[in-house]
Amino acid sequence: MKIGILGSGAMGTGIAQVAASAGNETVIFDVNPESLDRAKQQLHAVLNKLVEKGKISVSQAGDILGRIFFGKDLHAFADCNIVVEAIIEDLSIKQKVFQELETVISPRCILATNTSSLSIASIAAACRFSQRVIGIHFFNPVPLMSLVEIIPAIQTDKQTTEKSIEWVKFLKKEGVLAKDTPGFIVNRVARPYYGEAIRIMEEGIADCTTIDYAMTTLGGFKMGPFTLMDFIGADVNYRVTESVWTQFFYEPRFKPSFTQKRLFEAGYYGKKAGKGFYDYSEGAEKILPNTNPEKLKTIFERILVMLINEAAEAVMFQIGSAEAIDIAMTKGVNYPKGLLKWADELGISNVVERLDSLYDTYREDRYRCSALLRTMSRESKSFYL
Ligand SMILES: NC(=O)c1ccc[n+]([C@@H]2O[C@H](COP(=O)([O-])OP(=O)(O)OC[C@H]3O[C@@H](n4cnc5c(N)ncnc54)[C@H](O)[C@@H]3O)[C@@H](O)[C@H]2O)c1
């Protein structure tokens, strides 16, 4: 099978490496020749490193590189079975490029987009044969993150979806089917990890250090929400938050915070800027967490039940199955446990009680308990047991 990759940035280069490593003949093209050169150098460097580490042999590295071709224009994709687009996140540019691609590719070629935030239906709508358009959403860094969300648009036909699932399996990635709704699974279900943490801080219940400490020690999360937001960067994280909120017709659960907006406006983008929620400058004061067990437990449980509530809403609206959502969060953002498995362990009625208590306190829609959880609690049901 021959794979075409349009865009040789961080994602395109990673997808090329993974496809060629799995055995696909792979052709990559970018409008910017410098970007294509960088990708070439990077692929050589990464594969050399894998050889040095003893993960692959010299001949395997040679074979992988031998399967990657660098195209001169879109005609390079003429005999591809699947073309994955990983260019700039701009709807009108993607639509235009998909129209151009349709003039050069074969009639049965699948056209996939790696978009994180645009609707697949809107990209497919630009195409003559929209039934072959699908979302195949990889995670960064592609070679290390095993999750891939597969997102059929309402126009996508069954064969396109089935072939896409097969290809993702061939890449030895963990594919999950997701509905074409904002943020798909991961970027939607993860919102409360950031939003609720900020809310707790804004209310003065605890500072960043304490909230991060609660989530890493009690929750076993690899990074606390503020460390993670500083790592992602307020520029990226704030934009995603605002985009998911507006695309969800201003759903209160996804409402952005002024705290993060101000960091974004000030250019305090986090680690890369030397300042974000934390101060990364030399000699900056190190703030110690409040280790009061009651406080830590309150923080951890509040963020966790909000995450579980979002995961349950995603099940109720069939964004993905419970299994798909648990796989997505553990493989796509390294959560220590699937949220719905966690819900079972806590007891659904306990989760409902905790959410209802938050709702009683605030009387804000943001805290309303998912009808699915409430029904499950009433019927003593669980997600897996
Ligand atoms: N970076 C991430 O964490 C991440 C994760 C998942 C999905 N995505 C999505 O993947 C896509 C690419 O993201 P990225 O981080 O690799 O971006 P990037 O900026 O690193 O690379 C984009 C590349 O596309 C090229 N390009 C722009 N317009 C083009 C065109 N018309 N034709 C050909 N090439 C063109 C640019 O020259 C650049 O090399 C976006 O849709 C993004 O939302 C990104």
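**The sheet and its surroundings**

User: In what order do the strands of the open sheet stand?

Analyst: This is a predicted model, and the answer describes what is computed from it. The open sheet holds eight strands with mixed pairing, and their order is β3-β2-β1-β4-β5-β6-β7-β8.

User: Which strands stand at the edges, and what is the average twist from one strand to the next?

Analyst: β3 (68-70) and β8 each have a single partner strand, so one side of each is left without a neighbour in the sheet, and these two stand at the edges. From one strand to the next, the twist averages 25°.

User: In which sense does β7 pair with β6, and in which sense with β8?

Analyst: Strands of a sheet can pair in either a parallel or an antiparallel way, through backbone hydrogen bonds. Five bridges join β6 (residues 133-138) to β7, and these two run antiparallel; within this pairing I134 stands opposite P152, while H137 has E149 as its bridge partner. On the side of β8, I150 stands opposite L177, and the four bridges between β7 and β8 pair them in the parallel sense.

User: Which element gives the largest share of the side of domain 1 that touches domain 2?

Analyst: The protein is divided into domain 1 (2-177) and domain 2 (188-378), and nine residues of domain 1 are in contact with eight residues of domain 2. On the side of domain 1 that touches domain 2, the elements giving two or more residues are β7 (147-152) and β8 (174-177). The largest share, three residues, comes from β8.

User: How many residues surround the ligand, and which element gives the most to this shell?

Analyst: The ligand is surrounded by 23 residues, and the closest are G7, G9, M11, S35 and N140. The shell divides into eleven nonpolar, ten polar and two charged residues. Both α1 (10-22) and α4 (91-104) supply at least two residues of the shell, and the element that gives the most, with three residues, is α1.

Terms used:
Residues are numbered from 1 along each chain as its sequence is written. This is a predicted model: local features need pLDDT of at least 70, side-chain atom pairs count only at pLDDT 80 or more; totals for chains, interfaces and linings use all residues. Domain bounds come from an automatic or database domain assignment. Two residues are in contact if their C-beta atoms, placed from the backbone, lie within 7 Å. Two strands pair if DSSP finds at least two bridges between them. Axes are lines fitted to C-alpha atoms, for helices over the stretch in contact, and angles run from 0 to 180 degrees between N-to-C directions. A residue is near a molecule or strand if its C-beta atom, placed from the backbone, lies within 6 Å of it. Ala, Val, Leu, Ile, Met, Phe, Trp, Tyr, Cys and Pro count as nonpolar, Asp, Glu, Lys and Arg as charged, and the others, Gly among them, as polar.
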